[in-house]
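Hi everyone, thanks for making time this morning. I'd like to walk you through a structure, so please have a look at it while I talk.

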Amino acid sequence: MTGISHTAVLGAGVIGASWTALFLSSGRSVAVFDPAEGAEARLKTYVEQAWPALTELGLAERGNPDRVTFHKTAREAVDGAGFVQENVPERLPVKHALFAGIESALAPDAITASSASGLTLGQMQAGWADPARFVLGHPFNPPHLIPLVEVMGNSLTAPEAVETAEAFYADLGKVTIRVNKEVPGHVANRLQAAVWREAIHLAASGVASVGDVDKAMSAGPGLRWAAMGPTALFGLGAGAGGLAAFCDHFADTFNGWWEDLGTPQLTAETAQMLVEGLAAATQGASVSEQAARRDAMIVAIQQALQQLEKQRQT
C-alpha cells in the first residue's frame with residue numbers, strides 16, 4: 001500500500017459508492033459526504049453488493065467494508081484524508097463551491113481528484129485558490145470493476161500530484177493513462193461516443209436492430225478490444241507486415257468507411273427508438289438484473305485476463 005491510508009469520497013452516487021467500495025477493499029478507511037436523503041443507507045447497500053466481486057478479483061484481501069464513516073459536511077469528510085475523490089454533480093457552480101469550501105480543510109499534502117467526465121480540468125481549477133494538488137482522475141463505470149482511470153494535470157498542477165495519484169490508483173489495481181491535452185470527454189468517452197454514434201446510425205438507418213448492433217459489438221470487436229486496443233489489433237491484421245502493411249492494404253477501404261459514417265443527433269425520437277430497441281433486446285429484464293449480469297461478465301473477463309498474466313509471468 002502507498003503511504004495514503006485514509007481517504008475521502010465526496011458524492012456517493014453510483015460512481016462515488018463504487019469508489020468507496022474499492023478504497024475500502026484496499027485496506028483504507030473512507031470518510032464519505034453526500035447531502036442526499038438516504039445516501040448513507042444506499043452507500044452501505046452498494047458496498048455490500050460490490051464486495052463479493054471485489055473478493056473474487058482478489059482486490060479485497062486487505063479490505064474491511066466497515067471502515068467507512070459518513071459526514072454531514074464535506075469539510076468534515078476531508079479532514080485528515082490523504083486522497084480525496086470528488087464525484088458531485090457535473091455543474092461548475094456546484095464543483096467550484098465544493099472546492100472553495102474544502103480547500104482550507106485539506107492536509108497540505110492531500111491530493112484531490114475529480115471523476116468528472118464532461119468538464120475539463122481547466123474549467124474546474126477555477127474553483128481553487130491554488131489548484132496545484134488537484135488532478136483529473138476520471139474512471140470508467142463501475143470504478144470498482146473497470147480498471148481504467150484517466151489522469152491529467154496541466155501547467156497549474158504540481159508534477160508530483162499527478163505521479164502520486166497514478167501511484168495511488170495503481171495500488172488499487174487500476175490501469176492509468178495520462179491525458180496530455182484538454183478535450184471534452186477526455187479519451188475513452190470520446191472513443192465510445194464515436195462507436196455509439198455509428199451504432200445509432202446503423203439502427204436508425206434500418207441496417208440492423210438495436211439489439212443486433214449491440215450483439216455485433218459484444219460478440220465481435222468488443223472481445224478483441226478487451227485484450228488490446230484497435231491500433232495494436234490492426235497491427236496484427238496483416239501478419240508479418242505489421243501495421244505498415246495493414247495501412248497500405250486497407251487505406252482505401254477505411255477512407256471509404258469513414259466518409260460513409262453517420263452523424264445522427266440524440267433527439268427525442270432517436271432516444272425513443274433506442275429505448276424500445278433495448279427493451280426488445282433485453283426482453284424486459286430490469287436495470288438491476290442487467291447490471292448484475294454486466295458485473296458478473298466483467299468479473300469473469302478480468303479473472304481470465306489475470307490468469308493469463310500469471311501464466312505469462314511464470
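**A walk from the sheet to the loops**

Eight strands make up an open sheet with mixed pairing, and their order is 3-2-1-4-5-6-7-8. Which strands stand at the edges? They are strand 3, residues 68-71, and strand 8, residues 175-178; each has a single partner strand, so one side of each has no neighbour in the sheet. Going from one strand to the next, the twist averages 25 degrees. Please keep in mind throughout that this is a predicted model.

Now let me zoom in on one pair. Strand 6, residues 134-139, and strand 7, residues 148-152, pair in the antiparallel sense, over four bridges.

What lies across the strands? Helix 1, residues 14-25, lies across strand 1, strand 2, strand 3, strand 4, strand 6 and strand 7. Relative to strand 1, which covers residues 6-10, helix 1 runs at about 170 degrees.

Next, a pair of helices. In general, two packed helices are described by the angle and the distance between their axes. Here the pair is helix 7, residues 188-204, and helix 8, residues 210-218; their axes come within 9 Å and cross at roughly 140 degrees. The two helices are therefore oblique to each other, and the crossing is right-handed. Who makes the contact? From helix 7 we have Val195, Ala199, Leu202 and Ala203, and from helix 8 Val210, Val213 and Met217. Sorted by class, that contact has seven nonpolar residues, with no polar and no charged ones.

Last stop: two residues with a backbone angle to look at. His186 is not a glycine, yet has a positive phi of about 60 degrees. You'll find His186 in the loop between strand 8 and helix 7. Gln283, also not a glycine, has a positive phi of about 55 degrees. Gln283 sits in the loop between helix 12, residues 268-282, and helix 13, residues 287-313.

So, is His186 buried or exposed? His186 has a relative accessible area of 3%, and so counts as buried. Gln283, at 74% relative accessibility, counts as exposed.

That's my tour, and I'm happy to go back to any part of it.

Technical notes: Residues numbered from 1 in each chain as written. Predicted model: local features only at pLDDT ≥ 70, side-chain atom pairs only at ≥ 80, totals over all residues. Heavy atoms only, no water. Axes fitted to C-alpha atoms, helices over the stretch in contact; angles between N-to-C directions. Parallel < 35°, antiparallel > 145°, perpendicular 65-115°, else oblique. Left-handed = near helix turned anticlockwise from the far one by under 90°. Contact = heavy atoms within 4.5 Å. Nonpolar A, V, L, I, M, F, W, Y, C, P; charged D, E, K, R; others polar. Pairing = 2+ DSSP bridges. Buried < 20%, exposed > 50% of the residue type's maximum accessible area, 1.4 Å probe, protein only.
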